[in-house]
Amino acid sequence: MATTRKATTNWEGSLFEGAGKVTLESSGIGTYDVSWPSRAEEANGKTSPEELIAAAHSSCFSMALSNGLAQAGTAPTSLETSAEVEFTPGTGITGIKLTVRGVVEGMSNDDFVKAAEAAKVGCPVSQALAGTTITLDAALA
């Protein structure tokens, strides 16, 4: 069964002087301020498209890895995943670095890294970002 999720942004003004608010409509969990300076300079309490992509990627990857490990009979005790999305003004997103540390009983570090690589390829957000260089740093905690 397919699902659809929705977010809406209200933007006022020009790119450099304007600002907006992005609302997570499907979950209803909040509205967040966005602006060009929060995207290209310091966040200063506002989010950016890249931070939202990082949130989507880290959570999707964690789900994919958790599922892959469970299907292999070694469900994780915990996974700590971060995604760093690099944005260069005038160029765009130039790379994403996934970092994961896992606690998985009875699994070697080499097998964990292989499972993480498979999750990186199989994660739907990774697939949506095809064409972007995605690096992975995976190890057991």
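Contact here means heavy atoms within 4.5 Å. Ala75 touches Leu69, Ala70 and Val104, with residues up to four places away in sequence left out. The model is predicted: local features need pLDDT of at least 70, side-chain atom pairs count only at pLDDT 80 or more, and totals for chains, interfaces and linings use all residues. Residues are numbered from 1 along each chain as its sequence is written, and side-chain values use heavy atoms, with hydrogens and water left out.

**Overall fold**

The protein chain has 4 helices and 6 strands. Both are DSSP runs numbered from the N terminus: helices are H or I with at least four residues, strands are E with at least two. Along the sequence the pattern reads β-β-β-α-α-β-β-α-α-β. The C-alpha atoms fill a box of roughly 55 × 35 × 25 Å along the principal axes.

Of the 141 residues, 33% count as buried. Buried means under 20% relative accessible area, exposed means over 50%, and partly exposed lies in between (1.4 Å probe, protein chains only). The accessible surface of the chain comes to about 8,500 Å². Carbon and sulfur atoms own 52% of that surface. These areas come from the Shrake-Rupley method with a 1.4 Å probe; for residues, only the protein chains shown count as cover.

Consider contacts between residues at least 6 apart in sequence. Among them, 46% join residues at least 24 apart.

Where does Ala75 lie? Ala75 sits in the loop between helix 2 and strand 4. Ala75 and Met107 are 32 residues apart in sequence, and their C-alpha atoms are 9.9 Å apart in space.

Two strands count as paired if DSSP finds at least two bridges between them. Strand 1 (7-12) and strand 2 (19-24) run antiparallel and are joined by 6 bridges. They form a hairpin with 6 residues between the strands. Gly13 in that turn has a positive phi of about 95°. Within the pairing, Asn10 stands opposite Lys21 in strand 2.

Strand 4 (residues 78-88) and strand 5 (residues 92-103) also pair in the antiparallel sense, over 11 bridges. This hairpin leaves 3 residues between its strands. Gly90 in the turn has a positive phi of about 90°. Thr81 stands opposite Val100 in strand 5.

In a regular strand the side chains alternate between the two faces of the sheet.

**Salt bridges**

How many salt bridges does a search of the whole structure find? The count is 4. A salt bridge is a side-chain nitrogen of Lys or Arg within 4 Å of a carboxyl oxygen of Asp or Glu. Side chains of opposite charge can pair when their charged atoms come close. The table gives some of the pairs.

| Pair | N to O distance |
|---|---|
| Asp33 and Lys21 | 2.6 Å |
| Glu50 and Arg39 | 2.8 Å |
| Lys120 and Glu117 | 3.8 Å |

Take Asp33 and Lys21, which form a salt bridge. Asp33 lies in strand 3 (residues 30-35) and Lys21 in strand 2, so the pair ties together parts 12 residues apart in sequence. Asp33 is partly exposed at 31% relative accessible area. Lys21 is partly exposed at 44%.

Next come Glu50 and Arg39, also a salt bridge. Glu50 belongs to helix 2 (residues 49-71) and Arg39 to helix 1 (residues 36-40), so this pair links parts 11 residues apart in sequence. Glu50 is buried, at 4% relative accessibility. Arg39 is partly exposed, at 30%.

Lys120 and Glu117 both lie in helix 3 (residues 109-122). They are 3 residues apart, about one turn of the helix. Lys120 counts as buried at 17%, while Glu117 is partly exposed at 35%.

**Surface patch**

Trp11, Leu15 and Phe16 form a nonpolar patch on the surface. Together they have about 310 Å² of accessible area. Patch members have over 30% relative accessible area and no salt bridge; like charges are joined within 9 Å, nonpolar side chains (Val, Leu, Ile, Met, Phe, Trp, Tyr) within 5 Å. Phe16 lies in the loop between strand 1 and strand 2. Its relative accessible area is 53%, so Phe16 is exposed.

**Cysteines**

A disulfide is counted when two cysteine sulfur atoms lie within 2.5 Å. By this rule there are 0 disulfides. Cys60 is buried, with 14% relative accessible area. Cys123 is buried too, at 0%.
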